[in-house]
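Thank you for making time for this today.

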Amino acid sequence: MAFKSLLEWWQQAGVDILTQDIPQNWFSKNHPENSLFKPSDNKNIRENNFSKNNLLNFKKNEEILSAPSLTKNIPQNIFSFQLWLQNIFGEKCLLSEVKISPKLMVLSESPEAEDMAQGQLFSGKAGQLLHAMLDTLSIEKQDIYFATMSPIVEHIDYVKISSYAAGNSLTFHDYTLIAAQHISLIKPRYLLLLGDAPNRALLQMNTMDARKKIHAITVNNDNIDAFALLHPKMLLETPSLKAIAWKDLRVLKGKIDEKTTADE
């Protein structure tokens, strides 16, 4: 049983995949940075304050929330917010059980088809890998809240408008407003952004550029530490990236451990 468990970890970590001819210690602090994933030279990526001078201003005011009629009156209560989402996306939208002020909120683009079949976010193969990775953060499962920018299975286009049967239409900016309000109502201490959509929305960067750093963001006057991570689905499609994602996650773990020690 112990050997089976070790083998499963070995496969999930991706160290069973040949990525180079020369053996590498991926978890060494002194391991050189992969040239394909160099951090951005942008000096402003560490802090995103959604203020009046920012295009993505999430202050609760009519001017910002009045673009399309759908996002004009986003509810200020989490339970009303979830009912509002169901009204927009239909009864088949997938939402998590509400958790206020969790230690960690995980945000991705949308549910997977497997999630819809199981009736729970991150319940498929990608979810299993994600849960294995989250276990390394030493955060209780009841202190983690899972969410998506869209509660239905879809790809959120950064330019085109997504249309729905009821004649509703949403732009990427609308999805960003909805995600920001969701975060504001949940009030997490840490925010884990999976894949490009949430990272473009909240950090205005692709995952590859945003990864490996803690980003201080402010949403409706709440200060949150955000962290970008390659989506587990991408890791399953390209196993050679698993070791890189696990190493990235160590940065977030270090921040959480440091904060936990300081609070004790």
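This is a predicted model: local features need pLDDT of at least 70, side-chain atom pairs count only at pLDDT 80 or more; totals for chains, interfaces and linings use all residues.

The space in the largest pocket comes to about 420 Å³.

Which helices supply at least two residues each to this lining? They are helix H7, running from 196–202, helix H8, at 207–210, and helix H9, at 232–237. Of the contributions to the lining of the largest pocket, H9 makes the greatest, with three residues.

Let me turn to the second largest pocket, whose volume is about 270 Å³. Its lining has 15 residues, and if you want to find its centre on the screen, look for Ser 96, Lys 99, Gln 120, Leu 121 and Phe 146, which lie nearest to that point. In the second largest pocket the lining divides into seven nonpolar, five polar and three charged residues. Here the largest share comes from a strand, E3, which covers residues 144–148 and provides three residues of the lining.

Now for the helix pairs. Helix H5, residues 125–134, and helix H10, residues 242–263, have axes that come within 11 Å of each other and cross at roughly 40°. With that angle, H5 and H10 are therefore described as oblique to each other, and their crossing is right-handed. On the H5 side the residues that meet the partner helix are Leu 129, Ala 132 and Met 133, while H10 brings Lys 242, Ala 245, Trp 246 and Leu 249. Sorted by type, the residues of this contact between H5 and H10 are six nonpolar and one charged, with no polar residue.

How do the axes of helix H3 and helix H6 cross? Helix H3, residues 78–89, and helix H6, residues 172–186, have axes that come within 10 Å and cross at roughly 155°. The two helices, H3 and H6, are therefore roughly antiparallel to each other, and the crossing of H3 and H6 is left-handed. From H3, the residues Ile 78, Phe 81, Trp 84, Leu 85 and Phe 89 meet Tyr 175, Ile 178, Gln 181, His 182, Leu 185 and Ile 186 in H6. Nine of the residues in the contact of H3 with H6 are nonpolar and two are polar, and none is charged.

Finally, I would like to stop at one residue, Val 98, which sits in the loop between H3 and strand E2, the strand at 104–108. Leaving aside residues up to four places away in sequence, Val 98 touches Ile 78, Phe 79, Gln 82 and Tyr 145. How far apart are Val 98 and Tyr 145 in sequence and in space? They are 47 residues apart along the chain, and in space their C-alpha atoms are 7.6 Å apart.

Notes. Residues are numbered from 1 along each chain as its sequence is written. Side-chain values use heavy atoms; hydrogens and water are left out. On a 1 Å grid over the protein atoms alone, a cavity is a set of points where a 1.4 Å probe fits but cannot get out, and a pocket is an open set with protein on both sides within 12 Å along at least five of seven lines; lining residues have an atom within 4 Å of a point. Grid points are joined across faces, edges and corners, and a volume is the space filled by probe spheres set on the points. Helices (H or I, at least four residues) and strands (E, at least two) are DSSP runs, numbered from the N terminus. Ala, Val, Leu, Ile, Met, Phe, Trp, Tyr, Cys and Pro count as nonpolar, Asp, Glu, Lys and Arg as charged, and the others, Gly among them, as polar. Axes are lines fitted to C-alpha atoms, for helices over the stretch in contact, and angles run from 0 to 180 degrees between N-to-C directions. Angles under 35 degrees count as roughly parallel, over 145 as roughly antiparallel, 65 to 115 as roughly perpendicular and the rest as oblique. A crossing is left-handed if the near helix is turned anticlockwise from the far one by less than a right angle, and right-handed if clockwise. Contact means heavy atoms within 4.5 Å.
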